[in-house]
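Welcome to a short tour of a protein model.

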Amino acid sequence: MDSQNYDIEKILQRYDSDYVFHYLGVKILEIKEGYAKTQIPFKKELTRRGNILNGGMIVASIDYTGGLAVLSINDGMDQVTQELKVNFLEPMYRGPFTVEANVIRKGRTAVVVEITFKDVEGSLGTIGLGTWYIIRDKKINMNVQPQ
């Protein structure tokens, strides 16, 4: 895979109306072919009791970052998360947190990605393995309004 970097501002336009993305405070640090790196801040709103980052918030950030890595190699029309397995290894409470995703294998309709979630000191807190489905023949309606 080459080291072509992607226009982060253009990619961010895809997430303009994504409320969860903004609630998490996701910051895209780097995207290149088959790779994405993001950061999320430590915010009280993202924690559970004991000031530990909530596991659901970690999973959401892993899903976004894995999706960005897939977006960098997607030759179809769109994509969706098909499966996401997450192992929580350590409690996370020292932010900001770094999430890195690497494409392991790309097939015609499925892409497998490994994602890590680390604290500000580089301690591995969570590791994920996900599969994204490449949509080739129809586009998901991104303009559906909530009721």
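S61 is buried, with a relative accessible area of 1%; buried means under 20% relative accessible area, exposed means over 50%, and partly exposed is in between (1.4 Å probe, protein chains only). This residue lies in helix 3. Helices (H or I, at least four residues) and strands (E, at least two) are DSSP runs, numbered from the N terminus. Which residues does S61 touch, leaving aside its neighbours within four places in sequence? S61 is in contact with L24, I40, V99 and F117, where contact means heavy atoms within 4.5 Å.

Before going on, a word on where the values come from. This is a predicted model, in which local features need pLDDT of at least 70 and side-chain atom pairs count only at pLDDT 80 or more, while totals for chains, interfaces and linings use all residues. Residues are numbered from 1 along each chain as its sequence is written, and side-chain values use heavy atoms, with hydrogens and water left out.

**A second residue of helix 3**

D63 is also found in helix 3. Is D63 buried, exposed or partly exposed? At 28% relative accessibility, D63 counts as partly exposed. Leaving aside its neighbours within four places in sequence, D63 is in contact with T81, L84 and W132. The C-alpha atoms of D63 and V99 are 9.9 Å apart, and the two residues are 36 residues apart along the chain.

**The whole chain**

Now step back. The protein has three helices and eight strands, and from the N terminus on they run α-α-β-β-β-β-α-β-β-β-β. Of its 147 residues, 36% count as buried. Among the contacts with a separation of 6 or more, 63% come from residues 24 or more positions apart. The protein exposes about 8,600 Å², and carbon and sulfur atoms supply 49% of it; such areas come from the Shrake-Rupley method with a 1.4 Å probe, and for residues only the protein chains shown count as cover.

**The sheet**

What is the order of the strands in the open sheet? Its six strands have the order 1-2-6-7-8-5, with antiparallel pairing. Two strands pair if DSSP finds at least two bridges between them. Strand 1 (27-32) and strand 5 (78-88) are the edge strands, each pairing on one side only. From one strand to the next, the twist averages 20 degrees. Helix 3 packs on this sheet, touching strands 1, 2, 5, 6, 7 and 8, and its direction makes about 135 degrees with that of strand 5. For such angles, axes are lines fitted to C-alpha atoms, for helices over the stretch in contact, and the angles run from 0 to 180 degrees between N-to-C directions.

| Strands | Bridges |
|---|---|
| Strand 1 and strand 2 | five bridges |
| Strand 2 and strand 6 | six bridges |
| Strand 6 and strand 7 | eight bridges |

Single residues can be followed across these pairings. K32 has Y35 in strand 2 as its bridge partner, and Y35 stands opposite N102 in strand 6. Further along, T98 stands opposite K118 in strand 7. A hairpin of three residues joins strand 6 to strand 7.

**Rings and charges**

A pair of aromatic rings is described by the distance of the centres and the angle of the planes. Rings of Phe, Tyr and Trp (its six-membered ring) pair if their centres lie within 6.5 Å; planes under 30 degrees apart count as stacked, over 60 as edge-to-face and the rest as tilted. By this rule the count comes to three aromatic pairs. F21 and Y64 form an edge-to-face pair, 5.2 Å centre to centre with 75 degrees between the planes. F21 lies in helix 2 (residues 19-24) and Y64 in helix 3 (residues 55-71), so this pair ties together parts that are 43 residues apart in sequence. Both F21 and Y64 are buried.

Why is the pair of F97 and F117 called stacked? The ring centres are 5.4 Å apart and the planes are at 25 degrees, so the pair is stacked. F97 belongs to strand 6 and F117 to strand 7, so the pair ties together parts that are 20 residues apart in sequence. F97 is buried at 0% relative accessible area, and F117 is buried at 0% too. Together with F42, these two form one aromatic cluster.

Finally, a charge sits over a ring if NZ of Lys or CZ of Arg is within 6 Å of the ring centre and within 35 degrees of the ring normal. K32 lies over the face of Y35, at 5.3 Å from the ring centre. The charged end of K43 sits over the ring of Y23, 5.3 Å from its centre.
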